[in-house]
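Please walk through this model step by step.

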Amino acid sequence: MESKTPGVSHAMVGRPGSIKSWLQIAKGPGSVAPNPALLATAAAVMAQLAMQLTMNEITDYLVTIEEKVDDVLRAQKDAVLARMIGVGFVIEEAMTIRETRGRVDEVTWSKVQTAPATIAECQLGEADVGPVSRRSIRTAA
């Protein structure tokens, strides 16, 4: 039976003619919330959504880190290549001077003398910066 309050009804419990008790029935959004199973399900869904958002943030962060690591490795490789190109220019200069003058002067020779050390440093640097570092970074990720 309807009551004056919207969304609230009353019902009798018992046999017709013998009323045991009256029940109040509430219909609407607030009537479902006290259900413990529904609350537990809602909590599980919210926890799943929070976990998914966290995983998405971590994935985005890892992509950013990977891009930065790639930039650092590229810069190191570029620095090594630049040093090797510089050595190549010094050797070419010395060869040109030798061809035109028949010999290499002390200034040019002093530049060429540092070339083996630079080449060795670049080879060692490339070994340290190259595949070993990339492999260790990928393993850590």
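A residue counts as buried under 20% relative accessible area and as exposed over 50%, with partly exposed in between. Asp 71 has a relative accessible area of 43%, so Asp 71 is partly exposed. Keep those cut-offs at hand for what follows.

This is a predicted model. The protein holds 4 helices and 2 strands. Along the sequence the order is β-β-α-α-α-α. Of the 141 residues, 11% are buried. The exposed surface comes to about 11,400 Å², and carbon and sulfur atoms supply 63% of it. Now take the contacts with a separation of 6 or more. Residues 24 or more positions apart account for 28% of them.

Helix α1 comes next. Helix α1 spans residues 36-101 and has 66 residues. From its first C-alpha to its last, α1 reaches 97 Å. At 1.5 Å a residue, 98 Å would be expected, and the two values are close. Which residues of α1 are buried? They include Leu 73, Val 80 and Val 87. Ala 94 and Ile 97 are buried in α1 as well. After α1 comes Gly 102, with a positive phi near 90 degrees.

Now the salt bridges. How many does a search of the whole structure find? The search finds 4. One of them joins the side chains of Asp 71 and Arg 74, at 2.9 Å from N to O. Both residues lie in helix α1, 3 residues apart, which is about one turn of the helix. An α-helix has 3.6 residues a turn, so residues three or four places apart point the same way.

Another salt bridge reaches between helices. The side chains of Glu 121 and Arg 83 meet at 2.6 Å, N to O. Glu 121 lies in helix α3 (residues 115-129) and Arg 83 in helix α1, so the pair ties together parts that are 38 residues apart in sequence. Are these two residues exposed, buried or partly exposed? Glu 121, at 43% relative accessibility, counts as partly exposed. Arg 83, at 39%, also counts as partly exposed.

Stay with Arg 83 for a moment. Thr 118 is placed in helix α3. Leaving aside neighbours within four places in sequence, Thr 118 is in contact with Arg 83 and Val 87. Val 87 is one of the buried residues of α1. Thr 118 has a relative accessible area of 15%, so Thr 118 is buried, under the 20% cut-off.

A further salt bridge pairs Arg 101 with Asp 105, at 3.4 Å from N to O. Here the two partners fall into separate classes. Arg 101 counts as exposed at 56% relative accessibility, because that value is over 50%. Asp 105 is partly exposed, with a relative accessible area of 22%.

Last, the confidence. The mean pLDDT of the protein is 79, and 64% of its residues reach 70 or more. Among the elements, α1 has the highest mean pLDDT, 91. Which element has the lowest? It is helix α4 (residues 131-140), with a mean of 44. Over residues 129-141, pLDDT stays under 50. For that stretch the model has 9 contacts beyond four places in sequence. Where pLDDT is low, the predicted coordinates should not be read in detail.

Methods
Residues numbered from 1 in each chain as written. Predicted model: local features only at pLDDT ≥ 70, side-chain atom pairs only at ≥ 80, totals over all residues. Heavy atoms only, no water. Buried < 20%, exposed > 50% of the residue type's maximum accessible area, 1.4 Å probe, protein only. Contact = heavy atoms within 4.5 Å. Areas by Shrake-Rupley, 256 points an atom, 1.4 Å probe, with all protein chains shown as cover. pLDDT = per-residue confidence, 0-100. Expected span 1.5 Å × (residues − 1).
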